[in-house]
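User: Can you walk me through a pocket and a chain contact in this one?

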Amino acid sequence: MRVSLKWLKELVDVDLPVEQLCDRLDMTGTKVEQVIKTGAALEGVIVGQVLTKEQHPNADKLSYCQVDVGAGEPLKIVCGATNFAPGDKVPVATVGATLPGGVTIKRAKLRGLESEGMMCSASELGAGADASGLLVLPPDAPVGLSYAEYAGLSDTILELEVTPNRPDCLSMVGVAREVGAVLGREFRAPKWALETSGAPVERDVAVTIEDPDLCPRYTARLIRGVRIGPSPEWLVERIVAAGARPINNVVDVTNYVLFELGQPLHAFDLATLARREGVVEVVVRRAREGETLTTLDGQERRLSPDMLVIADASGPVALAGVMGGEATEVSETTVDVLLESACFDRACISKTSRALGLISESSLRFERGVDPELAALASERAAQLIAELGGGEVAPGIVDMYPRPATPRVLTVRVGRMNAFLGTSLASDETAAILRRLGIAVEGTGDALTCTVPTFRPDLEREVDLYEEVVRIWGMERVPSTLPGGRERVGGLDAVQRIHRRIGAVMRACGLNEHIGLVFEDPRRVELCGFELGPDETLVELINPMSSEQSHLRVSTLTGLLDAVSHNQRHGVTDVHLYEMGRVFRTSAGRKLPKERLVLGAALAGSWDRQQWYERPRPLDFFDAKGVVQSLFDDLGIEPWRLDAAEHAWLQPGRAADVVVRGEVVGWIGEVAPRLLEAFDVAGAVAAFELDVKSIVRAAGGVRRYDEIPRFPAVKLDVAFVVSRDVPAERVLAAIRAHGKPLLADVRLFDVYVDPDDAVERRLPEGTKSLAFSLEYRAADRTLADDEVRAVHERVLAKVCSEVGATLRG
Amino acid sequence: MRMEITERLVDLRDEALSKVASAKDLEELESVRVAYLGKKGALTAVLRGLGELPAQQRPAVGRISNEVREALESALAERKQALEREALERRIAREAVDVTLPGRQRVLGHQHIIHQIVDEIVDVFVGLGYRIAEGPEVELDYYNFTALNHPPEHPARAATDTFYVRDMTGASSPDAFDSEVLLRTHTSPVQVRVMEKQRPPIYVLAPGKVFRRDVADPSHLPQFTQIEGLVVDEGITFGDLKGTLERFVHEIFGPDRRVRLRPHFFPFTEPSAEVDVSCAMCGGEGCRSCGGEGWLEVLGCGMVDPNVFRYVGIDPERYSGFAFGMGAERIAALKHGIPDLRLLIEGDMRFLRQF
């Protein structure tokens, strides 16, 4: 809402600086978004008085003058005009001023004499076409005053952010009333006197409202014999300040009243409306299927039955509350004007305006709610102005169909409860005084105040709404700050939330950085990756996505992580270690809400650290990712777990596995398939995993029991098994553990050897590998004797060899 | 004979002492010891011959030979200590490093700045007695709008502002306005879900991802992070809301920052306010950093609207409550001077590692 300060000052006394007014409005709920000073283009143009006028010694057509501009020495100005004499008051552009034409005034020598400014014509000031001579001002023009101010050109426009609950503040009167309440000043409603003559309106106009739910009130008034023409300056100035464009006196008046009172109006050219038996029958009804209307902007609109139209006998002539029709608009030839002032349903106007993509000053106000009580008043105001400016006569009477009269709401404010609610201690009379300032009628003096809310405040529906009015006018800054005193509460994270935090901490300790990716996904990428969905599962689809690349929700964090790896590589960062803990989505037929699953995803590319002085960087691979998972499970006390070699479309075959915890698959791990790396524009290997967080949390160990620290020394023996290459290390380890009981305390794999493909000398039989283990034997109650251990060890080795088909490496 | 043996002992002593003195390292010194004092050593051999001496000579020769042995042993020990010291000094000199070389570092990962802020705020409110609540990111219109007192025609419901999701029950036509399923536009639906399940007293904080149909640009993201708080209890006042938010601002932004509440409008609170924090640069005077305002808007808040209580079956005559919400991205931008929110979702290691 644009508010002209000049206009506002006619409606309420604003006797404080603009900055302070803005602060007060900010702090009472009407934010001032911008302060615009108009007339600034004439800055530096001042009312001056010519003191002397002499002939320029070097030029016949120039004079040399001394001009008083109210401050300092009189200016010496060379001038070419002749229509003035010493003593005349004229506008003087001083050095530095910029005129509307773009000319900036400089100190200049004209035919040998220095000129310290310029006296201006009307055309030079953009104040008219007269360029024949100086604009000589009346003798009472005060010397030294800025010309813009003198001529009333300067104004200050406040751009207010009006919240949706305050439709009343979408008018000058509403803002003035609010400002009056905020500043404690009297609000002066505009006054007028309407004179009517001629045949009553009913002779020519009848109104029927078919759908009173959508139109609680419709009024029509007639102004006959209007001369269409341009509006006077004062009116143009005001509607321009409010943000409209002048069109003609009738349309401008409807806009003026819209801005002044907040009532959208529409003027029809009576002659263009169809008559039946001599009467224009205005019908307010829903549009019929297939009906069309060409609106004022020249567009043909296809209408539907959920839209409300104003129709005559021939069909729709206006889109109710949104825009008038082109065929019935007021034009240069209009003589009689039918003036509509009505009230329409908020939701209906909002839907229509949105459906047609048509937003007008009128629809904006109806959407927020217009006071039905205003219709007749605004109609009278507009009719009076049209008659005054267009010279017509207003027909006596008004057709006023008002099937759903608004009744002022009566609410009770319990002052004690209000204070308990706000944490304040306002007295009853203080509370009543604040409410009265807002135009609310208050009765009673004790704890219960009976408040009658004016119809222009539809937002005040409940007692609590009045509390808000009181606290915002009284001042939120004055409410004492306290903390809630509730006793029955204990703050904290729950067990699951604590594990979530712990998961992040382990990831970071492993060197991974947290990424937050968008949940939006391109279904083509899901297909490319080959993510597995359940038999009846589908992706979650957005109905109104931003783009086809973001039309669905992700089923995995992997795509986002690969995007990030690619982004880093494109920017020269090759070592990328990322994790993300976020939700993935899938749905199936019959579901309203999709299944949301929290997952932990990670991607490793490049090396752990760039080239260092102490070691050569090693490319990250499968086992770096596995090490991260291992650290996580160690930290959370998750066991037993294992990796089962698996095939997944998005992973490189042979470097892919399922993560199995206590027999349940909780995720996958592997190196990303080369074809995906290419598709995501990623160079080099990417090791990745994704785990289901809920499963991890469920498997996380609870309280840890103390394990006795060994008191007797261990005997360490190393051994290397030669096994077929397809025997997993895990199987050999399991066999050693199984057969080593009870003396085997620990076993570690410390070497894996395979003959290189191009080896000249083969150290192992074809198709085999060597796995070297360090076995640690220990008894809890004694130091083991060497020969006892030897015997056990031999037995273990023999059993392992026969179980996994191994031989011992010599 | 006596002279002879005594002279030999003295000669041996002098010879051995000179060799001890000239031993260049511990190894050489050891061989000197072995050569004289070892089992087959020269001095040992002499001492072994003492038994053959006449009895009256033995004490005198024995004394001299003991003196010789002691002299040699102490010379050996002294020399050994000196050589060890030298060896240590040489080792220390050899092992000196350039202490300015970078350390061998296990490079730690970094938590995303948004989640650092979330955790920091969570910790403040946990300290004030709150618990943390979560809810689905894909929500029902009922929880996101209706139960939060948004009228059916509320502009936030527009398909230009809210992402709508295909309803798989077939309950709605494939039209955005008809679907009851959407990406939540704030974390307030979590509050409704909490109030449905839990009776007061309620003190919860709900952080989470939210979605609005904005094109990603320096100050907008289609997906961002909100942190909302809800308190419902007997006797909760607007002053409690003010005090709580002041405490929050002082913990997160610093104790010298001032807080102001500006009345505003939200459908689910009444009274409602926007919360400004005084600008860190100018302290409220107005400067370039705050756009001349002196204040930076960080929060929205208000007293829970009785209509919301009615939706979840809490008696507004008995209970009152407040709610507040803020965007973690905005706080990150204000607190850390992040100029472009898109940096937050790119996963650029150079960005992630800064915080």
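Here are a few questions and answers on the pocket and the contact.

Analyst: This is a predicted model, where local features need pLDDT of at least 70, side-chain atom pairs count only at pLDDT 80 or more, and totals for chains, interfaces and linings use all residues. Residues are numbered from 1 along each chain as its sequence is written, chains are lettered from A and ligands numbered from 1 in the order in which they are written, and side-chain values use heavy atoms, leaving out hydrogens and water.

User: Between which domains of chain A does the second largest pocket lie?

Analyst: A pocket here is an open set of points on a 1 Å grid over the protein atoms alone, where a 1.4 Å probe fits, with protein on both sides within 12 Å along at least five of seven lines; lining residues have an atom within 4 Å of a point. Two domains of chain A, with bounds from an automatic or database domain assignment, both give residues to the lining, so the pocket lies between domain 5 (495-699) and domain 6 (715-808).

User: Which residues come closest to its centre?

Analyst: The second largest pocket is lined by 44 residues. Closest to the centre are A:Lys626, A:Gln630, A:Trp641, A:Glu730 and A:Leu733.

User: How many salt bridges cross the interface of chain A and chain B?

Analyst: The rule wants a side-chain nitrogen of Lys or Arg within 4 Å of a carboxyl oxygen of Asp or Glu. One pair is A:Arg414 with B:Glu317, at 2.9 Å, N to O. Across the interface of chain A and chain B, the count is 9.

User: How many residues does each chain bring to the contact?

Analyst: Contact means heavy atoms within 4.5 Å. On that basis chain A brings 93 residues and chain B 102.
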